[in-house]
Amino acid sequence: MTLLAEHRNRDALRDRLRDAQAVTAELMTMVIGETCRRLPPARQNAKAACIERLIRAGAWTDAALALIDLELPQWKVRRIAYDEGEWHCALSRQRELPAWLDQSIEAHHADLSLAILSAFIDAQRPGSPASETSAPTAPRNANTIYLPVCCDNFA
């Protein structure tokens with residue numbers, strides 16, 4: 001699948017999650033089919049079997065959290081909060097950092113499972129933009145044209 005087609009599929013999936021009222025087995029299967037690279041080959045894995053059991057049981061929140069654990073082991077749930085009728089889920093690679101320094105992925109939805117799945121899909125997006133922090137951040141890609149130069153006058 002080309003990168004452009006994959007990007008369109010993820011955008012369509014993100015829109016479908018946003019418009020959904022609740023998680024269904026069909027929607028969860030679609031999320032797994034479109035986004036999960038480790039789950040299909042790892043069907044013999046204990047974590048994959050656990051996810052399948054959770055989906056059969058209708059434990060959508062636990063299944064979404066297990067998907068994050070299996071597919072994105074470097075990402076951890078930083079915060080789950082309910083505010084003004086919506087669930088907010090923040091995923092972070094470095095949750096030990098203070099919130100104002102952390103670059104996390106945040107998603108929200110009226111349904112907790114859908115908020116977690118939306119954050120999961122956003123975290124998988126290549127070059128996913130992290131949410132803005134209250135402190136400015138230095139660019140991670142330094143331009144190789146600029147070289148450090150000592151400007152002190154030693155005369």
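Me: Where is the place of Arg 93?
Reply: This is a predicted model. Arg 93 touches Gln 74 and Trp 75, leaving aside residues up to four places away in sequence. Its own place is in the loop between β2 and β3.

Me: Does Arg 93 count as buried or exposed?
Reply: The cut-off for exposed is over 50% relative accessible area. Arg 93 has 51% relative accessibility, so this residue counts as exposed.

Me: What distance separates the C-alpha atoms of Arg 93 and Ala 123?
Reply: Arg 93 and Ala 123 are 30 residues apart along the chain.

Me: What pattern does the protein chain follow along the sequence?
Reply: The protein chain has 5 helices and 3 strands. Read in sequence order, the pattern is α-α-α-α-β-β-β-α.

Me: Among contacts between residues at least 6 apart in sequence, what percentage join residues at least 24 apart?
Reply: The protein chain has 155 residues, and 34% of them count as buried. For contacts between residues at least 6 apart in sequence, the percentage joining residues at least 24 apart is 53%.

Me: Which element gives the most to the largest nonpolar core?
Reply: The largest nonpolar core has 34 residues, and Met 28, Leu 67, Leu 117 and Phe 120 have the most contacts inside it. The element that gives the most, with 9 residues, is α5.

Me: Is His 109 buried or exposed?
Reply: His 109 is found in strand β3, residues 105–109. Buried means under 20% relative accessible area. His 109 has 8% relative accessibility, so this residue counts as buried.

Me: Which backbone oxygen does the side chain of His 109 reach?
Reply: Residues up to four places away in sequence aside, His 109 touches Leu 17, Arg 18, Ala 20, Glu 86, Trp 87, Leu 114 and Ala 115. At 3.3 Å, the side chain of His 109 reaches the backbone oxygen of Arg 18.

Me: How many disulfides does a search of the whole structure find?
Reply: A disulfide is a covalent bond between the sulfur atoms of two cysteines. Cys 50 is partly exposed, at 29% relative accessibility. Cys 89 is buried, at 1%. The number of disulfides found in the whole structure is 0.

Me: How are the rings of Tyr 82 and Trp 87 arranged: what kind of pair are they?
Reply: The whole structure holds 1 aromatic pair. The rings of Tyr 82 and Trp 87 have centres 4.9 Å apart and planes at 55°, so the pair is tilted.

Me: What is the phi of Glu 84?
Reply: Glu 84 sits in the loop between β1 (76–83) and β2. Glu 84 is exposed, with a relative accessible area of 76%. Phi is positive here, in a residue other than glycine, with a value near 50°.

Conventions. Residues numbered from 1 in each chain as written. Predicted model: local features only at pLDDT ≥ 70, side-chain atom pairs only at ≥ 80, totals over all residues. Heavy atoms only, no water. Helix = DSSP H or I, 4+ residues; strand = E, 2+ residues; numbered from the N terminus. Buried < 20%, exposed > 50% of the residue type's maximum accessible area, 1.4 Å probe, protein only. Contact = heavy atoms within 4.5 Å. Polar contact = N/O pair within 3.5 Å; in protein donor to acceptor, adjacent residues only side chain to side chain. Disulfide = S-S within 2.5 Å. Phe/Tyr/Trp six-rings, centres within 6.5 Å; stacked < 30°, edge-to-face > 60°. Core = buried A, V, L, I, M, F, W, Y, C linked by side-chain atoms within 4.5 Å.
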